[in-house]
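User: I'd like to learn how to read pockets, cavities and cores in a structure. Can you walk me through one?

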Amino acid sequence: MLEYFTSLNDHNLPYPDTVHPIVVHFVIAMVLFSFFCDVVGYFTGKSSLFEVSWWNMLVATVAIFVAIAFGQFEAGLAQPYSLAKSVLNLHTLIGWSLSGIITALTAWRYVIRARNPQKVPIYYLGAGLFLTLIVGLQVYLGDELVWVYGLHTVPVVEAVKDGLLR
């Protein structure tokens, strides 16, 4: 049983495939949907959308720390070669920054909701737009790590093990 957890498969992972992208897609969807609900609620006056937005941000705040935990673990096992290291480091830095930004916006949203759940200030929407842009950059970098540099794909893992990529 212990061998199963300590041995790595052909993706260089102790489990069948990467978990980080699965969890992080929940965060992406919740943050973007939260911003969408706030914008539509702001312009249509449908305050029930603000409640949907709040709960999405709250769950996204919890989920981003799960995504970061899996991301750090899997990045440690990725054995990134020199070309991929700078992208992985920037992706990691932005990921940790996003955890702080999302947590801060959720705290701000909590205060807004406690004071008046029927309105969202335009400044919060601006911050939501900023968050959306950073999430977009993070998605781009994550896609680059998988689709360009092939981290945790079988051919790249084999090339690194054979010393073809450094």
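This is a predicted model: local features need pLDDT of at least 70, side-chain atom pairs count only at pLDDT 80 or more; totals for chains, interfaces and linings use all residues.

User: Which elements give two or more residues to the lining of the largest pocket?

Analyst: Four helices do: helix 2 (20-44), helix 3 (48-77), helix 4 (82-115) and helix 5 (122-148). Helix 5 gives the most, with 8 residues.

User: And cavities? How many of 30 Å³ or more are there?

Analyst: A cavity is a space where the probe fits but cannot get out, whereas a pocket is open. Here the count comes to 1 cavity of 30 Å³ or more, and the largest cavity has a volume of about 60 Å³. Its lining consists of Val 31, Ser 34, Phe 35, Asp 38, Met 57, Leu 105, Tyr 124, Gly 128, Leu 131 and Thr 132. Helix 2 and helix 5 are the elements that give two or more residues to that lining. By class, you get 6 nonpolar, 3 polar and 1 charged.

User: What about the largest nonpolar core: which residues touch the most other members?

Analyst: The general idea is that in soluble globular proteins, nonpolar side chains tend to be buried together. In this model, the largest nonpolar core has 34 residues, and those touching the most other members are Val 31, Met 57, Tyr 81, Leu 98, Ile 102, Leu 131 and Leu 151. Helix 2, helix 3, helix 4, helix 5 and helix 6 (154-161) each give two or more residues to this core. Take Tyr 81: leaving out residues up to four places away in sequence, Tyr 81 touches Tyr 149, Leu 151, Val 156, Val 160, Leu 165 and Arg 166.

User: Last one. Does Thr 18 count as buried or exposed, and why?

Analyst: Buried means under 20% relative accessible area. Thr 18 counts as buried because its relative accessibility is 18%. Thr 18 sits in the loop between helix 1 (2-6) and helix 2. Setting aside neighbours within four places in sequence, Thr 18 is in contact with Leu 13, Glu 74 and His 152.

Methods:
Residues are numbered from 1 along each chain as its sequence is written. Side-chain values use heavy atoms; hydrogens and water are left out. On a 1 Å grid over the protein atoms alone, a cavity is a set of points where a 1.4 Å probe fits but cannot get out, and a pocket is an open set with protein on both sides within 12 Å along at least five of seven lines; lining residues have an atom within 4 Å of a point. Grid points are joined across faces, edges and corners, and a volume is the space filled by probe spheres set on the points. Ala, Val, Leu, Ile, Met, Phe, Trp, Tyr, Cys and Pro count as nonpolar, Asp, Glu, Lys and Arg as charged, and the others, Gly among them, as polar. Buried means under 20% relative accessible area, exposed over 50%, partly exposed in between (1.4 Å probe, protein chains only). Contact means heavy atoms within 4.5 Å. A nonpolar core is a set of buried Ala, Val, Leu, Ile, Met, Phe, Trp, Tyr and Cys residues joined through side-chain atoms within 4.5 Å.
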